[in-house]
Structures are given as structure tokens and as C-alpha cells.
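Here are a few notes to read alongside the model. Have a look at the fold and then at the aromatic rings.

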Amino acid sequence: MQQTFDTWAAPEETQEQQLERMVSVLQALTGGPKGYRLRRILLTNFWLYGEQIFEIPHGRLFLAGENASGKSTVLTAALPLALDGDLRPNRIDTFGGRERHIDYYVLGGNESATPFHYERRTAYIALEFEWCDPDVPPIAQEIRQRWENADEEQRAKLRFLTIGLSLAGNANVSDRIRPLRFLITDGSRLGYDLHTVFESGNRHEKRAFDHTRFKQLLEGHGIICDTQAEYERQVSRYLFGFADVKDFHKLVNLLL
């Protein structure tokens, strides 16, 4: 039976179960963009978030909460940080300020009403996109070729594209933040096929993978970018199909 808004809320379900069902209904709605839409925002060890996944039902996100509850932080992580991988302070602050540096979001500080501190911490920020046109293959030539030779089940996987970066923080060195920028291009999904954390064995405590281990996990699934410029070029090509990265820069500036 197809789920609708009239049937999604069952009296015996918890509020969390009802929310999951509502998200499922919204994700299944027809229509929307003929191309990529944002499906999930994934944060690991970023600011006060330990491991947080934001579902974007049918490409729409509504955030509500008190001041200093993290609404702007989520948007800072999503746009533009994960989109172009630029770590400069004036690009991280959504209001164009230069006071807040990326190491604050990873290692902490006393710059807000909710101070926190870490000597070492590895963060992950990722955006998962979903291709929404079943009649046309995705933009990038590599995915397009696999799509055209794939069966229905394989195509269902190839519709997912993930971009993001990991930030290895160490408060005891001069270069406090080391970035690792990546794309997952084979349709594998973080939290399902690949993971940013593992159970340490200490009372099921979860820890984030370091860069060496994450590179090993990502091998064969996507691209590791050595520079921020290379990351911009790959995101521009895979996500938007821009032949000239300058068009991508114009888009990011418009979003800012």
C-alpha cells in the first residue's frame, strides 16, 4: 500500500517512528528537480555534533530551534564549506566575518555560549545528493557510462553522489587542521556502505577514522583531492557539469 500523509501516523508508533515514516513519505513524492537534489547532510565530530545525519525530505530542509542551538552551524557546514572545501574564515561565517576559524568547529574554544575543548579530533562533513531523473543518466561521463551499462538495481545505487571533507585537528602543532577532501562516485552511501566511525571496543564507544584508514576505506569508491582547487574542479564537474570552474565560483558566490 502506498503511504500518504493520511496514513503515515499510526497511534501505536513513537514520535521518532512517526517522523521516520513522514520522511519516507516525503522522499517518495514524485516531481522535484530533474537532476541532483540534496538528500542528506552528514556531520561527525563537527562543533557539538558527535554523529548527526540531517535528512532532507524531497529536497527541503526546515530548521527550527533556540539561539545558539546550531542552525547556522549546520548551514555553515553544508554551504559553502562542504560544497567548495574552502576553509578561510570569511567563507565559513555565513555573515562574512573573519573571527571564527575552522579549528573552532573541530577543536573548540571559548568563542560561544557553549564552549568545548579537544586536543585531538577528526571531523567529517558530507553532502549526499540524489539523481532524480530516471530517464536521463547523471552528468559526469564516468557515471554516465556505468549507468548506461547497468541493470535496474545498479542504476538505483548509481543515483547517489557524495561530496565532503574530513578535518584532522591537533591543538599541539602549528598546523592545527589538516583537511582531506573527497567525492564518493560509485553510489556508495555513508552510514550504509561506508562509515566515518568505528566502535573502539570500549563500551561501544565510537571513534572517527583517521585519514589513513578512511583513504583505505574509500579506495575504489571515489576520489581523494590533494588540493582545494582540485576538489572544486571535481565537484563542479560531477555535481553541476560545468566545463569551466569559473561558473562554479559564480554559483558559490551567488549562494553566499
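**Notes on the model**

1. Of the contacts between residues at least 6 apart in sequence, 58% join residues at least 24 apart. Bear in mind that this is a predicted model.

2. On the fold itself, I count nine helices and 10 strands. The C-alpha trace spans about 55 × 50 × 40 Å along its principal axes. A compact globule of 256 residues would have a radius of gyration near 18 Å, and the 19 Å found here agrees with that.

3. Now the surface. Buried residues account for 44% of the 256. The accessible surface comes to about 14,400 Å², with 48% of that belonging to carbon and sulfur atoms.

4. As for charge, there are 31 positive and 36 negative side chains. The centres of the two sets lie 3 Å apart.

5. The aromatics deserve a look: a search of the whole structure turns up 12 pairs. Take Tyr-104 and Tyr-105: their ring centres are 5.1 Å apart and the planes sit at 75 degrees, so this pair is edge-to-face. Tyr-104 is buried at 1% relative accessible area, and Tyr-105 is buried too, at 5%.

6. Another pair is Phe-182 with Phe-214, with centres 5.1 Å apart and planes at 65 degrees, so edge-to-face. Phe-182 belongs to strand β7 (residues 177-184) and Phe-214 to helix α7 (residues 211-218), so the pair ties together parts 32 residues apart in sequence. Phe-182 is buried, with a relative accessible area of 1%; Phe-214 is buried, also with 1%.

7. Which residues do ring pairs link into a cluster? They are Phe-46, Tyr-104, Tyr-105, Phe-116 and Tyr-118.

How values were computed:
Residues are numbered from 1 along each chain as its sequence is written. This is a predicted model: local features need pLDDT of at least 70, side-chain atom pairs count only at pLDDT 80 or more; totals for chains, interfaces and linings use all residues. Side-chain values use heavy atoms; hydrogens and water are left out. Helices (H or I, at least four residues) and strands (E, at least two) are DSSP runs, numbered from the N terminus. The radius of gyration is taken over C-alpha atoms; the globule rule is 2.2 Å times the number of residues to the power 0.38. Buried means under 20% relative accessible area, exposed over 50%, partly exposed in between (1.4 Å probe, protein chains only). Contact means heavy atoms within 4.5 Å. Accessible areas come from the Shrake-Rupley method with a 1.4 Å probe; for residues, only the protein chains shown count as cover. Lys and Arg count as positive and Asp and Glu as negative; His and the chain ends are not counted. The place of a charge is taken as NZ of Lys, CZ of Arg, CG of Asp or CD of Glu. Rings of Phe, Tyr and Trp (its six-membered ring) pair if their centres lie within 6.5 Å; planes under 30 degrees apart count as stacked, over 60 as edge-to-face and the rest as tilted.
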